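Student: I have a structure open and would like to learn how to read it. Can we go through it feature by feature?

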Amino acid sequence: MEKTVSMPRYPLYNTNMKNEEIPHAYKREEYKYGFVTPIESDVLPKGINEDVVRAISAKRNDPDFMLDFRVNAYRQWTKMAEPHWSNLKYGPIDYQAVSYYSAPKPKKKLESLEEVPPEILRTFEKLGISLSEQKRLSNVAVDAVFDSVSVATTHQKKLKEHGIIFCSISEAIKEHPDLVRKYLGSVVPYTDNFFAALNSAVFSDGSFVYIPPDTKCPMELSTYFRINTEETGQFERTLIIADCNSHVSYIEGCTAPQFDTNQLHAAIVELVALDNAEIKYSTVQNWYAGDPETGKGGIFNFVVKRGKCLGRNSKISWTQIETGSAITWKYPGCVLIGDNSSGEFYSVALTNGYQQADTGSKMIHIGKNTKSVIISKGIAADHASNSYRGLVRVAGVAENARNYTQCDSMLVGDKCSAHTFPYIEADNSSAQLEHEASTSKISEEQLLYFQQRGISREEAIRTILNGFCKDVFKQLPLEFAVEAQKLLALKLEKSVG
Amino acid sequence: MLEIKNLVAGLDGMEILKGISLTVNKGEIHSIMGPNGHGKSTLSKILIGHPDYKVISGSVAYNGRNLLEMPPEERALEGIFLAYQYPVEIPGVNNAEFMRMAYNAKLKREGKELVDALDFEEILNAKMSLLGIESKFRERSVNEGFSGGEKKKNEILQMAILEPRLAVLDEIDSGLDIDALKIVAEGVNKLADGNNALLAITHYPRLLQYIKPRSVHVMIHGKIVRSGGHDLARELEETGYDRYIH
């Protein structure tokens, strides 16, 4: 299955496979996070135009440079068309039926956790994210984003002692405008694509991290995103800058209530790594996926995540566990500019019910001796469709670039499908590019073999899936890996076969 | 222990077993012999509860219970073990971890405390050295990339770990060279302790030089056409099955 490829400019192949063997291998666990928190919110009326963009900017008390950024992005967006090259099928999105801003009241700046409305604290407690004081005992700092607004950031004081800035992006715009101005849009400009332009125009909050030179961040940093309001889009923006010789590990988690309508989520994450810096970014995405029987509702997840390895020997690593959303459109990538820099992408994408995912990675090699690794594991069950789409591009100036790509798909059931769309563009003949791919299914014979040894069908499925995903799980921070395994198991609970 | 009465069964509406009766008591070794394609493996599939194989009539009692109503894992937990003719590969699942899961499933059924990975390693090492099995078996994925002989040894290793009450060996000798066959047969003999029973399904009589069955049954066209003692195996070695096939 191993081959070294140079210079094709077309998709290598497209696999479509079905698994006829296990019609009813399991049934799904109900979505646990589907509740709504009744809270008074400050919501802008539905619809978008330049006045709405200006209104959001005014609500955020943006400085002038941000207002200009937003307005320019909005004008760009109006000239762009929604992309439809993905392998996703969905009806037209009415961008005028979405509210672009929702913030829990009070909207004044919160001075301490005591000022966070108790309903919101309880919401996060219910989600397993404790924002209260005792949280300080554990070694994770959390920025909690509720609908469009960051409601609390923990551990700020301790991080400040190390010179680390970890706050909401709206706070960063006010307190650290030079950093924001320098780096915001430097990795994903608003001209990049339709959803990037939309996000740049209307984003209201998100997280900001700056790690100063020669600093290893002493704890995991984490953002937890929660969509609460129906008919509200969530457009958060994350910017992480790791200065020379620094190191940071960052975790992102997401859930949303259960609505029959689709909520739009269009986020941007930008990472910048300077000389010898390392950023590790892990995501567990569990947005509401829609009704598993009818496919009704669920989040439309259009996300642009990109890292720039600007410095020499810098490294950016993406790890994602994608289990939620009705639609996932997401290609976290790395632009490898610094010599000897490296990018990694490890992904598990699980789709069941009527979920559709078109996800993968982009690795752009520009500097000399740059390396990248893509490990993608796609699991499709029920009526779901799961596509891997990846681009490896080696620029003409990129001497000795190396890429290793492995994309494996697994099918559970007889109505799901897996697809693979790898693109390789090599303009330098010194490049060494490897691509491996496989498609497998959980066979009835395998399950019976477990059962013949006294092991239940459910445990068999769980064990096979964990085995399939272990190359990705081992990249996650330890506690998170356990969570991720549990999440996969919960999604595929209870055999009915 | 096992009482099969007038069993008629098959696959995809095709009748393969056409009225089998067989009684296996505690402490006994039985052998079912016959040419390929006459229903020997079908019997093993019926005994473990393979969902594709359907019983048309007849009954199978196991320790007084109706075996045919028990789901596959229940049969395993009650002590029925099949050493597969063609063990299935399970990529990504560690062989030692797989055996620990199976072992713990058995302990759980017996109401005993489960073993952690370290304790299990000791149990596994003991069985592996008993059977002369190389340590690489531990690290690999279940049956993945194993040679035919290695897969058979792995089946016997699992049997040694799980200590079944009724072991069904389906063509355990096929594809084994003589040294491997001796190891497998020794392993089987070490496990036979008078409390369990063994049903060896085989095409070739040579296995029976190493495993001494109490009874030998010849299966032709889905029926047992002749039963006898160990002498019958020797006779079959000389005369073959031809005279039973009409």
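Student: How many of the nine residues of helix α1 of chain B are buried?

Tutor: This is a predicted model. A residue counts as buried if 20 or more other C-beta atoms lie within 10 Å of its own. In helix α1 (residues 40-48) of chain B, eight of the nine residues are buried, so the helix is largely enclosed by the rest of the structure. The buried ones are K40(B), S41(B), T42(B), L43(B), S44(B), I46(B), L47(B) and I48(B).

Student: Which residue just after α1(B) takes a positive phi?

Tutor: That is G49(B), with a phi of about 85°.

Student: How do I read a sheet, and in what order do the four strands of the open sheet in chain B lie?

Tutor: Strands of a sheet pair through backbone hydrogen bonds, either parallel or antiparallel. In chain B the order is β2-β1-β4-β5, with antiparallel pairing. At the edges are β2 (14-24) and β5 (65-66) of chain B, each of which pairs on one side only. Between β1 (residues 2-11) of chain B and β2(B) there are eight bridges. L11(B) of this pair stands opposite M14(B) in β2(B).

Student: Which way do the side chains of strand β15 of chain A point?

Tutor: In a regular strand the side chains alternate between the two faces of the sheet. For β15 (residues 327-330) of chain A, I327(A) and W329(A) point one way, T328(A) and K330(A) the other, and all are buried.

Student: Which residues stand opposite K330(A) in the paired strands?

Tutor: On β13 (residues 298-309) of chain A, which runs parallel to β15(A) and is joined to it by four bridges, V303(A) stands opposite K330(A). The strand β18 (residues 356-359) of chain A also pairs with β15(A) in the parallel sense, over four bridges. There the bridge partner of K330(A) is T359(A).

Student: How many residues does each chain bring to the contact between A and B?

Tutor: Chain B gives 17 residues and chain A gives 16. On the chain B side, the elements that give two or more residues are α2 (72-77), β7 (90-94) and α3 (95-109) of chain B. That side divides into 12 nonpolar, three polar and two charged residues.

Student: Where in chain A is the pLDDT below 50?

Tutor: Where pLDDT is low, the predicted coordinates should not be read in detail. Chain A averages 82, and 77% of its residues score at least 70. Over residues 1-28 of chain A the pLDDT is below 50, although this stretch has 80 contacts in the model beyond near neighbours in sequence. Residues 133-137 of chain A also stay under 50, with five contacts beyond four places in sequence.

Notes:
Residues numbered from 1 in each chain as written. Chains lettered and ligands numbered in written order. Contact = placed C-beta atoms within 7 Å. Nonpolar A, V, L, I, M, F, W, Y, C, P; charged D, E, K, R; others polar. Buried ≥ 20, exposed ≤ 12 C-beta atoms within 10 Å, placed from the backbone. Pairing = 2+ DSSP bridges. pLDDT = per-residue confidence, 0-100.
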